[in-house]
Amino acid sequence: MKTLLYNGRILDPSQDLDLVGSVVIDDDQLDYVGPNLPEVDADEVYDCTGLWITPGLVDPHVHLREPGHEYKETIVTGTQAAAAGGYTTICCMPNTNPPLDNPALVDFILDRAASPEAGGVFVAPVGALTRGSSGEQLTDLGALKKAGIVAASDEGRPIQSSAVMTRAMEFCVQLNLPVMAHCEDASLSAGGSMNDGAVSAMLGLKGIPRSAEEIMVMRNCILSLHTGCQLHVMRVSTWGAVELIRQAKYLGAPVSCDVAPHHFALTEDMVGDFDTNFKSDPPLRTQVDVDLILQALNDGTIDCISSDHSPHASHEVQAPFSEAPMGHAGLESTVGATLTYLCHTGVLTPLQTIEKLSTAPARLLRLEAGTLRPGETPVAQVTIIDPDLEWTFDVHRTFSKGKNSPFQGMAFKGKAVATFCGGEIYRDARFDHGRIRQLA
Amino acid sequence: MSRNLLGIRHLEPEQIEHLLAMAKDFKKRVNLGKPVPSLGGHVLGMLFFENSTRTRVSFEQAASYLNLRTANFAAQASSMAKGETLKDTVLTLRFERLDGLVMRHKESGAPTLAARYFGGPVVNAGDGQHEHPTQALADALTILERKGTLEGLVVAIVGDVDHSRVARSNAWLLSKMGAEVRFVGPKTLMPSHTGMLPGQVFHDLASGIADADVVMCLRLQKERMDGGIIGSIAEYSKLYQINKDTVKWAKRDCLVMHPGPLNRGIELDDTAADSELSAISAQVENGIFVRMAALAWVFEGVTPARRVEQAAKPKDKAKK
């Protein structure tokens, strides 16, 4: 079967490609990417006029919650949400119950992700750095890598001991395995539930100081510099963290980072009167932070954009602020937020936008993804984005089980309207035009 | 939507004036044995998730003067101890046909959440480090009685401002009524950013209470010492205690206040606590009358029948 996507704006940062043309998918492989062809004998034809054709999006930070927290999300619902968000490859975090600290669990996740009822996207597991993510004894990282993990991390329970982190990084260097780090000094953040600032002071909530994040960013960058271990700092939130990463890169440390939409679009003020939909980890910061994050996205200090998809059950979110869990379901709002807040505002060009949503995370985590070069991905991974589609984000119309979002009810401009991973795995109902139109 | 009293921050100056005028009137009537309005027919849930003797007794007294029946819940005995969420507890109380709630909780913002699901009036009796509106009203009534006005007064709030809901509610109330509010205490007991709180920060007691009309001491919770926030209680007392020597830095006729419970010899010494400057017992007594005002105010226009109607057609106002 042959599928033709024609007359779209092809954006492929891996080849520095920005042209109007066609993409042909033959069975499940990319067959042609280039200028419009005069004639193709295709079974299905998509008129992509005014739309972007991009490599399938890659999300470096997703919580699928299975095993252990299936009431929040499952691998099936999470991968469906990913497909609907325009993603074809997602990295799932290891803080499940039990944590992803042994090869059998990696097998389980890969099996579930490949099941027919799942969303059809590739799941790239991130393994735990320490057993039980307890920050003490290293996991069998070699065996985990063999089983299929693409990076290692203790995610929400970051290793506090610098000695343990050093050993973990040394081991990962030898395995050529990136370490992904959520940076938080637990002694400074303990008991905190929002940014330590004017709003927390007003609401009488214990704050999480920016120093809690920055101290750990600095420590991890120093360890990366000295061990040579590739470090990916997840979801930076403060201007200080960004500056520290800029310095580490300048010093030659193999460091990269990502930012999540709530940290480039929202601030602490939005917590309002204890609205738990705005409770994030790290917390929403201030406009000064947002401004510097935007600058760092533009100048490349921030390499990628993650959804930081952290679904929770409604009953957990409807709780006193300090007791509610942190994070937001993000897979289905990230493209909308990114185009609205970064692309249409001129912070990022369309090509830079796709670089940060696809090519960069694929390159950093060495995934066979993030490119439209035929033959470089196991199957064709293509996302069609309507950059001008105006829509309102509504959590009640998402695939994810998590309905906790700070973007609920917000107006977005730009949306993924179709996703191909091998075959078509998602198509927005609004993307009817041009569907299955036979060429003469 | 019924009226709530969740904090002072959201009140208009006119509403504060109204509440204080009601309290003053109730006090006069009660003291003269004259009738006060009856809220008979309403049942008030007393939901204290955190231990409190003073505030609970004060609300009980206020309710009884208003002929309100109260239903008590002790946190330990309630279903919360069995794992029920706050939302479900509040929904249960709503369908038990309670007309209003008085709520104390250790988490900031818990009454705000409760008000979202309860559907009837909720009065905050202290939530975490957020607000304690009726304490601030009691303090304001006390100052009014002794000083005649709030406008233009210099009020120094001394001590653990960071962890104090009393400090926050007082700062909002006094600043809205035209007083100058100062926060006095060590940096470790001060919020790290006070830009959105209406007060100026002083770390030095002498300059903080200089020419103050009111010196309001806050309770120093001894368990705070464990976190290494201050070297010792002795250190705190040496730097911030209001006693016969330090009180001289304020105005000669300054009022010395304390929301209680008092740590004698720590925040205040005997000479300051028991002197004619002290207004501590008046604060306690006035607590009853401002709580009467708060209850009468939130129940204004609410008929007990409303609860029956609502129960007949339940609709979950749950936030999306």
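In strand β17 of chain A, the bridge partner of I385(A) is A416(A). The strands concerned, β16(A) and β17(A), run antiparallel and are joined by nine bridges; two strands are taken to pair if DSSP finds at least two bridges between them. Helices (H or I, at least four residues) and strands (E, at least two) are DSSP runs, numbered from the N terminus. The model is a predicted one, in which local features need pLDDT of at least 70 and side-chain atom pairs count only at pLDDT 80 or more, while totals for chains, interfaces and linings use all residues. Residues are numbered from 1 along each chain as its sequence is written, and chains are lettered from A and ligands numbered from 1 in the order in which they are written.

β17(A) also pairs with β18(A), in the antiparallel sense, through four bridges. F420(A) has E424(A) in β18(A) as its bridge partner. One residue lies between β17(A) and β18(A), which form a hairpin, and G422(A) in the turn has a positive phi of about 80°. Of the eleven residues of β17(A), nine are buried. A residue counts as buried if 20 or more other C-beta atoms, placed from the backbone, lie within 10 Å of its own, as exposed if 12 or fewer do, and as partly exposed in between.

The domain assignment of chain A gives domain 1 (2–53 + 381–427) and domain 2 (57–364); such bounds come from an automatic or database domain assignment. The centres of the two domains of chain A, taken over C-alpha atoms, are separated by 25 Å. Their contact takes 31 residues from domain 1 of chain A and 43 residues from domain 2 of chain A, two residues being in contact if their C-beta atoms, placed from the backbone, lie within 7 Å. On the side of domain 1, two or more residues are given by each of β16 (381–392), β17 (411–421) and β18 (423–427) of chain A. The largest share of that side, seven residues, comes from β17(A). By class, the side of domain 1 of chain A that touches domain 2 of chain A has 15 nonpolar, eleven polar and five charged residues. In this classification Ala, Val, Leu, Ile, Met, Phe, Trp, Tyr, Cys and Pro are nonpolar, Asp, Glu, Lys and Arg are charged, and the others, Gly among them, are polar.

Chain A as a whole contains 13 helices and 18 strands. Its radius of gyration is 21 Å, close to the 22 Å that the globule rule gives for 440 residues, so chain A is as compact as a globular protein of that length. The radius is taken over C-alpha atoms, and the globule rule is 2.2 Å times the number of residues to the power 0.38. Along the principal axes, the C-alpha atoms of chain A fill a box of roughly 70 × 45 × 40 Å. Of its 440 residues, 60% count as buried. Among contacts in chain A between residues at least 6 apart in sequence, 75% join residues at least 24 apart.

In chain B, the assignment gives domain 1 (13–132 + 287–312) and domain 2 (133–283). The C-alpha centres of these domains of chain B lie 27 Å apart, and 21 residues of domain 1 are in contact with 20 residues of domain 2. α1 (13–32), β4 (122–127) and α10 (280–298) of chain B each supply at least two residues of the domain 1 side. α1(B) gives the most to that side, with six residues.

The largest nonpolar core has 237 residues, and those with the most contacts inside it are I157(B), V158(B), V215(B) and L295(B). A nonpolar core is a set of buried Ala, Val, Leu, Ile, Met, Phe, Trp, Tyr and Cys residues joined through C-beta atoms within 7 Å. α10(B) gives the most to this core, with nine residues. Neighbours within four places in sequence aside, the contacts of V215(B) include A156(B), V158(B), I209(B) and I242(B). On strand β8 (residues 214–217) of chain B, V214(B) and M216(B) point one way and V215(B) and C217(B) the other way, and all are buried. β8(B) pairs in the parallel sense with strand β5 (residues 154–158) of chain B over four bridges, A156(B) standing opposite V215(B). Three bridges join β8(B) to strand β9 (residues 255–257) of chain B, also parallel.

The contact between the chains takes 24 residues from chain B and 20 residues from chain A.
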